[in-house]
Amino acid sequence: MEFFLRLCLVIFLVLQCATANAKQTYIVHMKHHQKPSSYETHHDWYSAHLQSLTTSTPESLLYTYTTAYHGFAATLTADQAESLRRSGYVVGVYEDTIYNLHTTRTPEFLGLNTELGLGSGSGSGFSPNQLNQASHDVVVGILDTGVWPESKSFDDSGMPAVPLRWKGKCESGPDFDPNLCNKKLIGARFFSKGYHMAASNYPKKMREVDSPRDVDGHGTHTASTAAGAQVANASLLGYASGVARGMATEARVAVYKVCWKGGCFGSDILAGMDTAITDGVNVLSMSLGGGSAPYYRDTIAIGAFTASEMGIFVSCSAGNSGPSKASLANVAPWIMTVGAGTLDRDFPAYASLGNGQRFTGVSLYSGKGMGNKPVSLIYNKGSNKSSSSSNLCLPGSLEPAFTRGKVVMCDRGVNARVEKGAVVKAAGGVGMILANTAESGEELVADSHLLPAVAVGKKVGDLIRDYVGSTAVPMAVLGFRGTVLDVKPSPVVAAFSSRGPNLVNREILKPDVIGPGVNILAGWSEAVGPTGLDSDSRKTQFNIMSGTSMSCPHISGLAALLKAAHPEWSPSAIKSALMTTAYTQDNTNSPLRDAAGGAPSTPWAHGAGHVNPHKAISPGLVYDITTSDYISFLCSLGYTVEHVQLIVKHPNVTCSRKLANAGQLNYPSFSVVFGKSRIVRYTRELTNVGVAGSTYRVVVDTPSTVNVSVKPSQLVFRNVGDKLRYTVTFMSKKGISPMGRNAFGSITWDDAQHQVRSPIAFAWSQM
């Protein structure tokens, strides 16, 4: 026994030693403005400082950040990282973070095929030709998995020369010729040092070559969604046939590959943001994210602050962790946080059962069908002896002897939807019914499966489960109906779209808006099949995908259009225009509904509502926010001065000015948390971007549990550019129990032509 204990102690000490000596990537925040004059550049200083305090080599320094962040990324042991933390020049040392991707009819659905604005009569309309001309100077930067430059979505026919101010370039790789870039795709870079540091432990098939080329498809899809050129006769294997186009068809595209097979590493993301800002992008679109963290520990939030300060609009996906409460990513107030909704287009398919019942679902299956003859239907049966998860159709869970020649019903969840189909096919199944559980509710997401497959909602799924369980020999046959339009109701908030409240700061309502994010057709990489599975050998120039990854670039492209129309607007003004003009009723004139349960949606799911570019281009009034306003906001959060400096990168921040409450930020929405007091009072400032001599009157929609008063109740803007303030007082009525209560309302300023609407979320506890 004594020998065994000694052996365990030796093993423990060896492992401890190995852990201490194991290298990983750290991001080091430096006191940027204290660089000794003896060093010509910050890179020289960082390199020398790193080597003076550690035993590291020059190769250990991966990146030097000068814009999006003040510091560097380096490969270090835990002991070396601790040594740096003790330096007087170092503010903090943080382990690298892994972020994840939030994986033709959209322009028509958003009204982008007609004149934008309120029409020529109001003097505020913009013709498509006017916007196209103005868009030529707008560059949309996409941080993602790279680009497939041969895609027709990046055709530059008819585009003028690249703006002289542009400093970006196209980098070469073993599979990427810089000459593939053109006057549309004007930048293509890659950042892989953080990925390579982690990938040294990955299997060979997880490694990629250094190149901007997209071998995943996600980056090409998001880039073409934001600013792809018009492509006629586009479709996914016949589905969604028509003209594919981005939101800002005449804007330029610059791609920064920061995501690889192992994920998106914070060190690479920062390097991409740092470079994009310097290159001269006008919009940054990032369909990726992680969990919630304080802003000073959020890589994306830190980089986005500098971008916003320099006039760059930053749009990020909200995440695909819905319908779980408080599941948002990218919640900084200087970031546009985008949730997902459905389109009015669908891809119906059906499952006909042996009892004569026929149920409708969705599918993008494009191969040979099953015919008309029903076959056996099984569910949660014939599990492999080593598995009890046949209901989920996880890899290895289906026994071929029980599966061969049958339709298999699989529960949605745990593994990818398309992988379930591949598992059924590998076990000999001839078809699949993919049924939602309570988590996904009635949300239907179509996929290009490798075998005949139909996705159905929870209610239909339960009926089919009951049929299988109560029938001696259940039978089914699957059929497919192609593409249908004008689906009602739409939009519906996607069940997967992440939800509020915002746990980083309850006084800022998130998400900000929703946009199209379900079954979106856009450009694709020909290096991978439409399912993304290794076994999928099909090639397609376009693919249909779902996720807040898809809704984010819609808003990025719309922001590019607003920037083209109003080059003088700040990022916060553009955000305000998109938020205050968003709509909250679907195409049946009913309140937006939530796909997760079918009930009316709330601002915790849809934010201000679904974007409406027609109105956003002429919002009347905007809520503007300056850098000093954001600093005062950060100082009100209880952060140390060093933490605030890490975010804002100003050497002289003292927090001498702070907001009385974080909710006092001049944000276009309200989040009211009743704590010890029953009264919360906020002041907002509106800027007139409409016409002179405008009079707005307030309209308040409030729940029965709260009294709301607004003073003044009328705002008269004599000139364009005038700024006027109002104060709103929220009073919780007596006797309201604080436990788990929440409610919603809105404040709208109306001048007959414009309705400037701000949603309100009320909570009686901090969670």
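**Helix packing, aromatic pairs and buried sites**

The axes of helix α8 (residues 266-279) and helix α9 (residues 299-309) come within 10 Å of each other and cross at roughly 5°. That makes the two helices, α8 and α9, roughly parallel, a term for angles under 35 degrees, with over 145 counting as roughly antiparallel, 65 to 115 as roughly perpendicular and the rest as oblique. Axes here are lines fitted to C-alpha atoms, for helices over the stretch in contact, and angles run from 0 to 180 degrees between N-to-C directions. Helices (H or I, at least four residues) and strands (E, at least two) are DSSP runs, numbered from the N terminus. The model is a predicted one, in which local features need pLDDT of at least 70 and side-chain atom pairs count only at pLDDT 80 or more, while totals for chains, interfaces and linings use all residues. Residues are numbered from 1 along each chain as its sequence is written, and side-chain values use heavy atoms, with hydrogens and water left out.

On the α8 side, G266, I269, L270, M273 and I277 meet T299, I300, G303, A304, T306 and A307 of α9, contact meaning heavy atoms within 4.5 Å. The residues of this contact divide into 7 nonpolar, 4 polar and no charged; Ala, Val, Leu, Ile, Met, Phe, Trp, Tyr, Cys and Pro count as nonpolar, Asp, Glu, Lys and Arg as charged, and the others, Gly among them, as polar.

Helix α7 (residues 218-227) comes next. Its 10 residues are buried, 10 of 10, so the helix is largely enclosed by the rest of the structure. Buried means under 20% relative accessible area, exposed over 50%, and partly exposed in between (1.4 Å probe, protein chains only). The cover over the buried residues of α7 includes β5 (98-101), β6 (139-144), β10, β28 (520-523), β29 (542-545) and α13 (548-565).

Aromatic rings form 23 pairs in the structure. Rings of Phe, Tyr and Trp (its six-membered ring) pair if their centres lie within 6.5 Å; planes under 30 degrees apart count as stacked, over 60 as edge-to-face and the rest as tilted. W45 and Y89 make an edge-to-face pair, at 5.2 Å centre to centre and 90° between the planes. This pair links distant parts of the chain, 44 residues apart, with W45 in helix α2 (residues 42-53) and Y89 in the loop between α3 (78-85) and β4 (90-95). W45 is buried at 2% relative accessibility, whereas Y89 is partly exposed at 30%. In the pair of F191 and Y256, the ring centres are 6.5 Å apart and the planes lie at 25°, so this pair is stacked. F191 belongs to the loop between β7 (185-190) and α6 (193-199) and Y256 to strand β10 (residues 252-257), so the pair ties together parts 65 residues apart in sequence. Both F191 and Y256 are buried. Elsewhere, ring pairs join F670, F674, Y682, F730, F762 and W764 into a cluster.

A234, in strand β8 (residues 231-236), is buried with a relative accessible area of 0%. A494 lies in the loop between β26 (492-493) and β27 (513-516) and is buried at 0% relative accessibility. Leaving aside neighbours within four places in sequence, A494 is in contact with A340, G341, E443, R499, V518 and A595.
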